Amino acid sequence: MIMSDTPKPAEMNHSSNGSPWIEGVGLALSRNDRYIFTDLNFSLAAGQILQVEGHNGSGKTTMLRILCGLTLPSEGEIRWCGEDIRKNLAEYYAQLAYVGHAPGIKGELTPLENLELARSMSRPRKEADAEQVLERLQLPAYCDDVLCHNLSAGQRRRVALGRLLMLDARLWVLDEPFTALDPGGRKLVEELLSGHAQEGGMAVLTTHHVVNLEGCIVRGLQLGT
Amino acid sequence: MSEASLGTAFISLLRRDLMLAYRHRAQMLNPLLFFVIVVSLFPLGLDPDPDLLRTIAPGVIWVAALLAAMLSLDSMFRSDFDDGSLEQLLLTPHPLPLLVLAKIVAHWLISGLPLLVLAPVLGMLLNLGSESLFPLLATLALGTPVLSLIGSIGVALTVGLRGGGVLLSLLILPLFIPVLIFAANAVGNAGAGMDITGQLAFLGSLLALAFALAPLATAAALRISLN
Amino acid sequence: MSIIPNWLYQLSSPKNFYRFAGIASNWCGWIALFLLVVGLYYGLVNSPPDYQQGDSARIMYIHVPAAWMSMFVYMVMAGSAAVGMIWRIKASSAFANASAPVGAMFTALALATGMLWGKPMWGTYWVWDARLTSELILLFLYLGYMALQSAIDDRDTAARATAILALVGMVNITIIHYSVEWWNTLHQGATVTKLDKPSIHLSMLIPLLVMAMAFKFYYLSNALRRARCELLERERDKLWVRELVGENNSE
């Protein structure tokens, strides 16, 4: 884990009102009335990547879902630019892209249709073009018109990750993004991540792989002791 | 950089659901087939006496419509839940109740509207007079959207659960009772030559109420179910 | 939280609620017992028989309060569940959950007594009378609530989901009630004698009201006790429960 806090200009690191872009404050989660984790704090500045670690069942996926506002934490809150995300979900979601365990793509649609749908449902990048995105993700050209349920798991994962390139999201939340990907695919995701960080974006991810991100600040968050 | 407008999102979601239904044409027809079969069972089980059939026709057609709605409702959010699309729907910057409404409209277009096409045929099978035909269509036009709207709440509450389908009928069927009462009664009264504006007005106000409140409840229920 | 007065906020913590509910439940239980004895005495012994229906009308001292309670409990349950969901108060959700079986029981009681009364009056146990039909649908609503609650594993999620269902049910309950009344007058006319008379003699009204109060206190006593159990289970890992259990063990 690289923990080099290279100083950067304050206006880059922090949102306009001076607080970190994204913050978890005093988070606790209980499931079936038993605590999975308590008093969890973290914060992320522009260009940083947070890797959530922990053994199976330590609540990594739930942690990401809390970050997305899908799961309600038992205590504590997530803050975006210093404000509880629940106060302005719409603004927060315009900045967020989430790729979860389930890929979130429809099997009965083609990869192109899936990405076009993603574009029209949220805030797209200006230059986003679904065909170019699929090319960038090294999906063979013949796949463009094949229904997604005929693709392999790794190919479907690539389509799902395509959403990141279609949307103009500052914060990426990725649950096991390397699953089902071949070494080439893993390298691709690493490139995407470091490119995103260099543009001042942020990412929070869980993975069991050793992530190799050149020149990025990767911070760790340990769940369950 | 502007985000895709709410209108675009609404239309794309609606179009997506219709396209998915189109690519699963056979599956989409099953509830309709069910509707026809249930109705045609009654003369076989009772007595093909034309007078009896005419008396029971409004109730039978409407009960069959309720059951057909139950069957088609179950799949409203199921596949979206399984493949993670539902999570993505919750994470858009648009108000969730309106996106939910797009899905409800799609559901009605797929499963409610075809009932209107089939109903005259069934009316004929059950010896329903021609004076009852328009009232039957009117009640179906006003009533089936209410079924989709109220039903969506139940589906949203049960979407992640094992055996959700049976539970869904237990939760939702009692809530359908007012629609059943007024719709079947209107058709029956029309056959007897009575005025039915009161019943239609009541169905209309039920529709307005459900239209205003059900998407809100469904959206809240979805956020809870995905917790 | 500013809407809620401070003392109520204090009370809403599971620990304080547990203590309060224990005391309140006992008191309500004794009051209910007392009122029940008084009400039954006046109703069954010390009031005149109905001039038309004779002694069989006395079942109304159970039937009518039970029918009232079946509606009342649903309203309280929905309100309590909504408060529990909006302000995330465990005690409130627990009280809503505890209300469901009690409400279902009152509904079943109203149905059963209505049927028993119907046998000598109508010659059959079941007619599609407006009240009986409404009660039957209400019973379905209660059973649906309980089924949904038991289908969801996580209690927090279950509490919020059932709160939505209860609120939807509450909007619907009035609509259902009036639709059924309307449907009933169309199909049966005025031939069916309603169980409760529009004008009722004072000697019958007083025991009726006493019985209604007895049922209310019984409901409070029973639901508070159930809510206590649920809180104890849900908070089993909390310090206050451990201390409580420890105390009892050492005695």
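How many bridges join strand S1 of chain A to S2(A)? I looked this up in the model, which is predicted. I found 7 bridges between S1 (residues 22-31) and S2(A), and the two strands run antiparallel.

I started from A:Glu23 and looked for its bridge partner in S2(A); the partner is A:Ser43.

Then I turned to the whole sheet. In chain A, 4 strands form an open sheet, in the order S2-S1-S4-S5. The pairing is antiparallel. I checked the edges: they are strand S2 (34-44) and strand S5 (83-84) of chain A. Each edge strand has a single partner strand, so one side of each is left without a neighbour in the sheet.

I moved on to surface charge. I noted a negative surface patch formed by A:Asp129, A:Glu131, A:Glu135 and A:Asp145. I followed up one of its members, A:Glu135. A:Glu135 lies in helix H5 of chain A, which covers residues 130-136. Is A:Glu135 buried or exposed? A:Glu135 counts as exposed because its relative accessibility is 62%, and the cut-off for exposed is over 50%.

Last, I opened chain C. I counted 8 helices and 0 strands there. Read from the N terminus on, the elements of chain C run α-α-α-α-α-α-α-α. I also took the extent of chain C: along its principal axes, the C-alpha trace spans about 60 × 40 × 35 Å. Chain C has 251 residues, and 47% of them count as buried.

Conventions
Residues are numbered from 1 along each chain as its sequence is written. Chains are lettered from A and ligands numbered from 1 in the order in which they are written. This is a predicted model: local features need pLDDT of at least 70, side-chain atom pairs count only at pLDDT 80 or more; totals for chains, interfaces and linings use all residues. Side-chain values use heavy atoms; hydrogens and water are left out. Patches are made of residues with over 30% relative accessible area and no salt bridge: like charges are joined within 9 Å, nonpolar side chains (Val, Leu, Ile, Met, Phe, Trp, Tyr) within 5 Å. Accessible areas come from the Shrake-Rupley method with a 1.4 Å probe; for residues, only the protein chains shown count as cover. A salt bridge is a side-chain nitrogen of Lys or Arg within 4 Å of a carboxyl oxygen of Asp or Glu. Lys and Arg count as positive and Asp and Glu as negative; His and the chain ends are not counted. The place of a charge is taken as NZ of Lys, CZ of Arg, CG of Asp or CD of Glu. Buried means under 20% relative accessible area, exposed over 50%, partly exposed in between (1.4 Å probe, protein chains only). Two strands pair if DSSP finds at least two bridges between them.
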